[in-house]
Amino acid sequence: MAISHRKPYNFSAGPAILPPIVFERAADAVQELRQSAHDPTAPGCGLSILEMSHRGADFDAVFKRAQALCHEVLEIPATHEVLFLQGGASLQFAMVPQNLGIAGKPAAYVDTGAWSKKAIAEAKVAGEVRVIASSAETRYDRIPELPPPASYADASYVHITSNNTIYGTEFAALPEVGEVPLVVDFSSNIGSRPVSFDRIGVAYAGAQKNLGPSGLTLVAIHRDLVERRVSDQVPLISRYATHVKASSLYNTPNTFGVLVLMLVLEWMRDHGGLEGMFQRNERKAAPLYQFLDESQLFRPHAQPGSRSQMNVVWTLDGAPEAERDAQTKAFLSAANQAGFSGLKGHRSVGGCRASIYNAFPPEGVEALVEFMRNYERQQ
Ligand SMILES: Cc1ncc(COP(=O)(O)O)c(C=O)c1O
């Protein structure tokens, strides 16, 4: 079934846009899974991906291929186990402290906004938390500078949110944290740029931005951390060791989600892998930020040096304060009518947000900039 170019342009923050070829092949596999889901001419196995056992040979082939592609395309080294779990990134907020927290050693967190705060709240349930840096004072418009690693060398781990979906800020590079394991919430920029996993103890990401549908969480954990001491109070299902031992089949996985993730990774591989994605994303984000920097009406929220390539956030701060809310509403309504969907900003920042994940087409950003330029001229 061919799916033609779909209007409107989808700027949703997540669940988010996926490549058109993925929709085609996933739709195909819903009808009947082929021996090779990425090859529409391969023989079918007689069943839909939605109705087959997660322990059968047909799904096993999909699962193994998806895992292998995580290593190959996302460049996750063999030192790290790849798990496909459920419960979203939010469950990882709880599993990380339950599995990596060590009694008497605080967990160090970098506070870069709403998602870090949720992660911190869960970590506080499990033990002591030390916030080592925060950009709360500037309304999370930047990535704060981290203190020297020696100042938190006693921590059980350091947690960062690599991309802040709501505020549109992103770590330009992973921080150097010394010997303490680095834990990264990669939910909204995984696969968007080259990353060295050598520095990472645990990385996790809800799939629903760059990797596939909601209901699937990718976890990459260094083998040395799988068996880190866990209190007897932690339920078996919340232990990384349980899922590693069961190869992510401790409970029934999101089988359809794993298939879609596999298809997305194949698309990424065919488009230059992480370096290809980085260049594609740079080409999209740079002109949008340039326009925002030059605009008299629209103002980018994130400071240069901290700007996200995935979520571009702006307000209409050029409008008189008394009119700002009404003008924002009017702009969003005009944009929606012109075929730009999902631009409404998160309620904690207000304004607008263009989520331009890997699959978002460059021409959609060009069209948006042109629309905004014309809109401003008419005001
Ligand atoms: C950076 C980040 N972390 C965590 C989450 C929460 O993910 P989930 O809803 O899958 O638990 C989100 C959701 O948008 C996110 O953007």
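Reply: Start with Val313: its bridge partner in β14 is Arg353. Keep in mind that this is a predicted model, where local features need pLDDT of at least 70, side-chain atom pairs count only at pLDDT 80 or more, and totals for chains, interfaces and linings use all residues. Residues are numbered from 1 along each chain as its sequence is written, and side-chain values use heavy atoms, with hydrogens and water left out.

Strand β12 covers residues 311–315, and its antiparallel pairing with β14 runs over four bridges.

(Angles run from 0 to 180 degrees between N-to-C directions, with axes fitted to C-alpha atoms, for helices over the stretch in contact.)

Next, look at Arg299, which sits in strand β11. Leaving aside residues up to four places away in sequence, Arg299 touches Val313, Trp314, Thr315, Asp317 and Gly318. (Contact means heavy atoms within 4.5 Å.) So Val313, where we began, turns up again on the contact list of Arg299. Arg299 and Gly351 are 52 residues apart in sequence, yet 9.4 Å apart in space, C-alpha to C-alpha. Arg299 counts as partly exposed because its relative accessibility is 36%. (Buried is under 20% relative accessible area, exposed is over 50%, and partly exposed is in between, using a 1.4 Å probe and protein chains only.)

For a comparison, turn to the other sheet. Here seven strands form an open sheet with mixed pairing, in the order β2-β10-β9-β8-β5-β3-β4. The edge places go to β2 (80–85) and β4; each has a single partner strand, so one side of each has no neighbour in the sheet. From one strand to the next, the twist averages 20 degrees. Inside this sheet, β3 (residues 107–111) and β5 pair in the parallel sense over two bridges, and Ala108 has Val158 of β5 as its bridge partner.

This sheet has helices lying across it as well. Helix α3 (residues 88–100) lies across β2, β3, β8 (182–185), β9 (200–206) and β10, at about 155 degrees to β9.

Most residues other than glycine have a negative phi, and most peptide bonds are trans. Arg139, though not a glycine, has a positive phi of about 55 degrees, and Tyr140 also has a positive phi, near 55 degrees. You'll find Arg139 in the loop between β4 (129–134) and β5 (158–161), and Tyr140 is in the loop between β4 and β5 too. Tyr140 is buried, because its relative accessible area is 6%. Then there's the peptide bond from Gly14 to Pro15, which is cis, with omega near -5 degrees. Pro15 belongs to the loop between β1 (9–10) and α1 (20–31).

How values were computed
Two strands pair if DSSP finds at least two bridges between them.
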